[in-house]
Amino acid sequence: MTTTRRSSGPADPPSPADPAGPADPPGSAGPAGLSTVVPAGSPGADGARLAGRSLLRIGPVSLLIRRRAVLVAAVLTVLLLLAVVLSLSLGTPYVAPADVLRALSGAGTPYDLVVFDLRLPRVVLAAVAGAAFGVAGTLIQSVARNPLASPDVIGITQGAGLAATVALTSGMAAVLVAPTALVGGLLAAVLLFALGARHGLAAQRFVLAGVAVAFGFRALTEVVMLTADPIDGLRAQIWLIGTLAGKGWTEAAWIAGTLLVLLPVLAWAGWALNSTALDDDTARGVGLRPVARRIGLAGTGVLVAAMVTAQVGAVDFVALVAPQVARRLVRAERPPLVCAALLGALLLVLADLAGRRLFAPTQLPAGVLTAAIGGPYLIFLLLRGRRRSS
């Protein structure tokens, strides 16, 4: 989605951002109208330029909407709701989907305790955390211009993991583990920016600096675990894998609160991502500040990644897979922010459901299932890149 502003001057010439020129196109609400939608190929619209898109005008603001992205977002929303109902239904005891819907509607059923107290907090946490991972992965991959860049590749996850491991193996109170992990993730981000900020946070340098930070923190984490009590080391290992067991409303509230506070920044990011594919000279030529944009986008991404990792642990590969799969579904040149968030939520809800039910009564951490998804995906990327190069 692209946002453009139209001048209110009396003689504005036609421009690529406003293909209809100063006159309102047929079917619009006129100068006093609040909004109008100009579909691609309609009179007054450049059909070749707006193929597959619609121009939504709200007063002086024009929004270029990709219709396929809207369709994909709608389908992902429906699939996510179905996955939530399925996750609330399956388990011991089994709750019929109709009873789940009645419970959620407040009609009152014998299964209210199971739905609301035992399952809903975990399902909501999976959806919110997955959406946050999708957002963080989209921002980081767009800045890095690399489909392999994600919080678990550039060191944010490893920084949070080192801090959480120290907290878990040093007798620190359980309530302090998440804040300590958040601080560790943010310190990893500071180190990442310090190493990668030269040359305007260039994409290649950013990724290489992140890989170096990740290896360094992972090595330190192993040292701490080897010197810790075996029981504490096992607790740290479970946290590093990433699990939603024993978590719920509190963790979901922290993640959702972070996304809500950052909502204006994320709205800006959805628009600013359109310029990430431009080289610096071209971006400056059209009046943009590429370095400031990259720092803003990357900073937002690592902040979201640090917060969600601190709450649910190192759930790998969701931030890696969701943006690129969403990009392929939309057939866009960059990962779409909203679709990536919805796909991340869907992936983590399904991964948590599979972890709970595949080997019941034994429960697998959600991070194990997401790793099982991410491994084949990495192989696919490598094979696809090899075919392109050949």
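These are my notebook entries on a predicted model.

**Overall**

I started with the whole chain. I counted 15 helices and four strands in its secondary structure. Of the 390 residues, 48% are buried. I also looked at contacts between residues at least 6 apart in sequence, and 69% of them join residues at least 24 apart. The chain exposes about 18,500 Å², with carbon and sulfur atoms supplying 69% of that.

**Cores**

The largest nonpolar core has 79 residues, and the members touching the most others are Leu139, Ile156, Ile255 and Val312. Helix H3, residues 112-144, gives the most to this core, with 18 residues. There is also a second, separate core of 11 residues, and Ala164, Leu168, Val177 and Met225 are among them.

Leaving out residues up to four places away in sequence, I found Val312 touching Leu125, Ala129, Phe133, Gly242, Thr243, Leu244, Lys247 and Ile255.

From there I followed Thr243. Thr243 sits in the loop between helix H8 (230-241) and helix H9 (249-261). Is Thr243 buried or exposed? Its relative accessibility is 13%, so it counts as buried, the cut-off being under 20%.

**A patch on the outside**

In soluble globular proteins, nonpolar side chains tend to be buried together. With that in mind I checked the surface. Leu71, Val75, Val78, Leu79 and Leu82 form a nonpolar patch there, with about 450 Å² of accessible area together. I placed Leu82 in helix H1, residues 67-89. Leu82 has a relative accessible area of 54%, so I put it down as exposed; the line for that is over 50%.

Most residues other than glycine have a negative phi, and most peptide bonds are trans. I searched for exceptions.

- Which peptide bond is cis? I noted the one from Thr92 to Pro93, with omega near 5°. Pro93 is in the loop between H1 and helix H2 (97-104).
- Phe317 has a positive phi, near 80°. I found Phe317 in the loop between helix H12 (290-312) and helix H13 (318-330). At 17% relative accessibility, Phe317 counts as buried.
- Arg331 also has a positive phi, near 60°. Its place is the loop between H13 and helix H14 (337-357). Arg331 counts as exposed because its relative accessibility is 62%.

Technical notes: Residues are numbered from 1 along each chain as its sequence is written. This is a predicted model: local features need pLDDT of at least 70, side-chain atom pairs count only at pLDDT 80 or more; totals for chains, interfaces and linings use all residues. Side-chain values use heavy atoms; hydrogens and water are left out. Patches are made of residues with over 30% relative accessible area and no salt bridge: like charges are joined within 9 Å, nonpolar side chains (Val, Leu, Ile, Met, Phe, Trp, Tyr) within 5 Å. Accessible areas come from the Shrake-Rupley method with a 1.4 Å probe; for residues, only the protein chains shown count as cover. A salt bridge is a side-chain nitrogen of Lys or Arg within 4 Å of a carboxyl oxygen of Asp or Glu. Helices (H or I, at least four residues) and strands (E, at least two) are DSSP runs, numbered from the N terminus. Buried means under 20% relative accessible area, exposed over 50%, partly exposed in between (1.4 Å probe, protein chains only). A nonpolar core is a set of buried Ala, Val, Leu, Ile, Met, Phe, Trp, Tyr and Cys residues joined through side-chain atoms within 4.5 Å. Contact means heavy atoms within 4.5 Å.
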